[in-house]
Amino acid sequence: MIQTDILVVGAGPAGLMAAIMAARSGCRVILLERACYLGGQLVKQTHKFFGSKAEHAGERGIDIARLLVNDMEQTKGVTTWKNATVLGYYPDGVLTVKREDQFIKVKPKKVIVATGASEKTLAFPNNDLPGIYGAGAVQTLMNVYGVVPGKRMLMVGAGNIGLIVAYQLLQSGVEVAGIVEAGPAVGGYCVHAAKVQRAGVPIYTSHTIQRAFGGDSLEGVTICKLDEQWKKIPGTDQDLAVDGLCLAVGLTPLTELLWQAGCQMVFVPELGGYVPRRTPYLQTTHPDIWVAGDVSGVEEASVAMVEGIIAGLTAAGQLTHLSPQLNKALLEADEQLKALRSGPITAKIRAGIQKALVPFAHQTRLEEVV
């Protein structure tokens, strides 16, 4: 049995920041990551971030990952386990972990779950043909392993991920046959859409995939137009010859561990699916479990990093006295998070978060935390 103050599950942007801040608070931290590398989705993101200097604006995701990992490695009190998967959470607060060929039991005082999210898919005939990928898989092939996923590809989804990955495909020399979007308008930022359109990539709004076809692998897809009720308009089928199809149709939080721990869960479409009920400072209905990043609701990596700061400091604050400097950092992170979610673009996110908050009577004010 290994004991620690705080166990952080997941070493993406949220988990790394949570581990750093908890350790700076004087806590002993174990950071678990099931992959063989740290940084989560950042390691495959070659585009530059928006926001402010505090969110590493102008830096590429791959470079932000290196910065966070470097900060973590220079922070005393963090023990990192790679190739480590949490298998279960038990009523006595013990977690079982498979680390490479070892089976380990860990008893932390507090747990921060930063497991991220998984890609959604679409149901259509032949959607299992080789050559059909999720956007994350395409980014991994290109940006981590240097392998192009096809010669001529079609993107499904015109949110930020779909637009960004489509542009990265173009940069890799792949012909992009088009971007298919079921909604009546592009869902991502206009700056991303403009880049792919200037490159001659058509965007088919109010369209969806009807079917895929091919022999041993993908050879083409049939798309069709949708009406205002999202139903197929007869006679609008169009065949496109492609050897690759990339699905960027959203993410859903990876919450299995939270269900097992008995956290109260609620279905919030605006946040990607089932998410844990939590306070504004990311403590779940389980008194010893916090969340940060996409597991609490799918948003941008910038938000995940700030949530990691808040979760790391508030969890640590229940175990040790936060210094004035860390109290200030917590207050600044709270204001930073509000700024990231301000404006009309994030109105849906703000509405979803209100649905996920625990009843007001059970909320903790930030003044009480610090």
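Tutor: Arg-66 and Asp-63 sit 3 residues apart, about one turn of the helix, and both belong to helix 2 (residues 61-73). The model is predicted.

Student: Why is the contact between Arg-66 and Asp-63 called a salt bridge?

Tutor: The closest N and O atoms of Arg-66 and Asp-63 are 2.6 Å apart. The cut-off is within 4 Å for a side-chain nitrogen of Lys or Arg and a carboxyl oxygen of Asp or Glu, so the pair counts as a salt bridge.

Student: What makes Arg-66 buried or exposed?

Tutor: The relative accessible area of Arg-66 is 54%, and exposed means over 50%, so Arg-66 is exposed. Asp-63 has 26% relative accessibility and counts as partly exposed.

Student: How many salt bridges are there by this rule?

Tutor: The count comes to 11. One of them joins the side chains of Asp-5 and Lys-109, at 3.4 Å from N to O.

Student: Why does the pair of Asp-5 and Lys-109 tie together parts that are apart in sequence?

Tutor: Asp-5 is in strand 1 (residues 2-9) and Lys-109 in strand 6 (residues 102-113), so the parts tied together are 104 residues apart in sequence. Asp-5 and Lys-109 are also linked with Arg-28 in a network of salt bridges.

Student: What makes Asp-5 buried or exposed?

Tutor: Asp-5 has a relative accessible area of 9%, under the 20% limit, and is therefore buried. Lys-109, at 47%, is partly exposed.

Student: Where do the partners Glu-270 and Lys-355 lie?

Tutor: These two residues form a salt bridge, with 2.7 Å between the closest N and O atoms. Glu-270 is in the loop between strand 17 (265-268) and strand 18, while Lys-355 is in helix 9 (residues 347-356), 85 residues apart. Glu-270 is buried at 17%, whereas Lys-355 is partly exposed at 42%.

Student: Which aromatic pairs does the structure hold?

Tutor: A search of the whole structure finds 2. In one of them, Trp-259 and Tyr-274 are 5.2 Å apart centre to centre, with 70° between the planes. Ring centres must lie within 6.5 Å and edge-to-face planes over 60 degrees apart, so this pair is edge-to-face.

Technical notes: Residues are numbered from 1 along each chain as its sequence is written. This is a predicted model: local features need pLDDT of at least 70, side-chain atom pairs count only at pLDDT 80 or more; totals for chains, interfaces and linings use all residues. Side-chain values use heavy atoms; hydrogens and water are left out. Rings of Phe, Tyr and Trp (its six-membered ring) pair if their centres lie within 6.5 Å; planes under 30 degrees apart count as stacked, over 60 as edge-to-face and the rest as tilted. Helices (H or I, at least four residues) and strands (E, at least two) are DSSP runs, numbered from the N terminus. Buried means under 20% relative accessible area, exposed over 50%, partly exposed in between (1.4 Å probe, protein chains only).
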